Amino acid sequence: MSAITSPLARIVIVLMICVLHLVIAPAQSVATTQQPKSAYEHLDLFSDVLYLVQKNYVEPVAMETMVQGAINGMLEELDPHSEYMNPEMFAELEIETTGEFCGLGIEITIKDRTITVIAPIDDTPADCAGIKAGDKIIKIDDKFTKDISIMEAVQMMRGEKGSQITIGVMREKQKHPLEFTLMRQIIRIESIKQQYYQSALGYIRITQFQKRTAKDLRDALSSLGKKSGGTLQGLVLDLRNNPGGLLDQAVKVADLFLDSGDIVSTRGRQEKDNSIYHATPWQKDQQPDYPIVILINGGSASAAEIVAGALQDQHRAIILGTQSFGKGSVQSLIPLNDKSGMRLTTAHYYTPNGTSIQALGITPDIVVEQATWHTAPDSKIREKDLDNHFETPDNSTENTQPVKHKKWTKTAASDYQLLRALDLLRGWQQLKILSDQ
């Protein structure tokens, strides 16, 4: 084949090369500067998947089920505390803050993708059965809890009064799961419990922060003040196994003991989520400057950590116990049009010194582990120790009567951390006496 040598042919070839260059070059430019997909393109992908599932899945699936499942998955990817709640679950959550519901009395979270106990609530079926902070709930009745949401777990544990439920838990240092069979009861949470000790010392336990907590605390402090003859000389504020609750109540509680400075600040992406809560100037119901010891442990979380952090940073209280839980995020409850809702993490909170406790917790000023009390072995020989002794007759009623529930009292003798806190306050009193002489 002869080479193309005519001038016309050469011009045609040059024009073709130029056209090819103009066509190819823009495509190369787009490839190197490709923009990320817009929200609408991602929604197109979502609608495509939704359509394909609805059309081709082996069995029919309601559109509502698929959309709710997609929302659940979206929020679960964010953090352990953000979640979607259907109308029933959202209504149930609002009930909790009133302080009465039917269930077991366990505050839970998701840790390492496992339902984990933050703390059992005092005098509830969970507390009486011996469920502890840090227990990992791996099974509820016959269903394993892997990958279920907090609200699903809550719904499974709620139920009719008197109905039974079996919970399987893994506990630190235990090689095998523990099983607890519990009976659901009406849980009426008294957020404030009090005890008076000699030397004008008061003890107040806050079980969780509800709508009336600050008011009930003022009433308890007034009652203890009267028992002391006018003014307390010291206070133990027990926040152990307190899973938190309402932020505004935590602020009001801290404000009772502070007359200036910051209590807590919140910081989020939106301007409305950035707030600083200040202590108000001294008022009639605020407490005098007596010494305070705050007790915390691994079950102290969220609002409990706000109070402990505020009074620690403001040098208003000594913190005694063990490291707290470390939940330093704020969740907003957002109602949706169909009466469902979502709990969305919208901010982190910080102590007055600007410290975030997220995943770290509050570090006590004085670390005191809780002691386990054991009865010393009895050296005396009993009938049961003799060879060939008679066994207890079958018709004996010994140890067959159910244990009666006793009214709540707090005895320092059985609580090593409380004992140390009271000792600290009494030592404080002695030092004050010496300094006044």
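Which residues form a nonpolar patch on the surface?

## A nonpolar surface patch

In this predicted model, the patch consists of Leu45, Val49, Val53, Tyr57 and Val58, which together have about 480 Å² of accessible area. One of these residues, Tyr57, lies in the loop between α2 (39-56) and α3 (63-76).

## The chain as a whole

The chain contains 10 helices and 19 strands. Of its 437 residues, 38% are buried. The accessible surface of the chain is about 26500 Å², and carbon and sulfur atoms account for 55% of that area.

Among contacts in the chain with a separation of 6 or more, 68% are between residues 24 or more positions apart.

## Two buried loop residues

Thr145 is located in the loop between β6 (143-144) and α6 (150-157). Thr145 counts as buried because its relative accessibility is 3%, and the cut-off for buried is under 20%. A polar atom of the Thr145 side chain lies 2.6 Å from the backbone oxygen of Ile137. Not counting residues up to four places away in sequence, Thr145 touches Ile115, Ile137, Ile138, Lys139 and Ile140.

Phe209 is in the loop between β11 (201-206) and α7 (213-227). Phe209 is also buried, with a relative accessible area of 2%. Leaving aside neighbours within four places in sequence, the contacts of Phe209 include Leu239, Leu246, Val253, Ala303 and Val307. The C-alpha atoms of Phe209 and Pro243 are 8.4 Å apart, although the two residues are separated by 34 residues in sequence.

## Salt bridges

Side chains of opposite charge can pair when their charged atoms come close. The whole structure holds 12 salt bridges. One of them joins Asp219 and Lys215, with the closest N and O atoms 3.2 Å apart. These two residues are four residues apart in helix α7, so about one helical turn separates them. Asp219 is partly exposed, at 41% relative accessible area, and Lys215 is partly exposed, at 39%.

Asp415 and Arg240 form another salt bridge, in which the closest N and O atoms are 2.6 Å apart. This pair links distant parts of the chain, 175 residues apart.

Because Arg316 lies in the loop between α9 (303-313) and β16 (318-321) and Asp289 in the loop between β14 (275-278) and β15 (292-296), the pair ties together parts that are 27 residues apart in sequence. Arg316 is buried, with 10% relative accessible area, whereas Asp289 is exposed, with 65%.

How values were computed
Residues numbered from 1 in each chain as written. Predicted model: local features only at pLDDT ≥ 70, side-chain atom pairs only at ≥ 80, totals over all residues. Heavy atoms only, no water. Patch = residues over 30% accessible without salt bridge, like charges linked within 9 Å, V, L, I, M, F, W, Y side chains within 5 Å. Areas by Shrake-Rupley, 256 points an atom, 1.4 Å probe, with all protein chains shown as cover. Salt bridge = Lys/Arg side-chain N within 4 Å of Asp/Glu carboxyl O. Buried < 20%, exposed > 50% of the residue type's maximum accessible area, 1.4 Å probe, protein only. Polar contact = N/O pair within 3.5 Å; in protein donor to acceptor, adjacent residues only side chain to side chain. Contact = heavy atoms within 4.5 Å.
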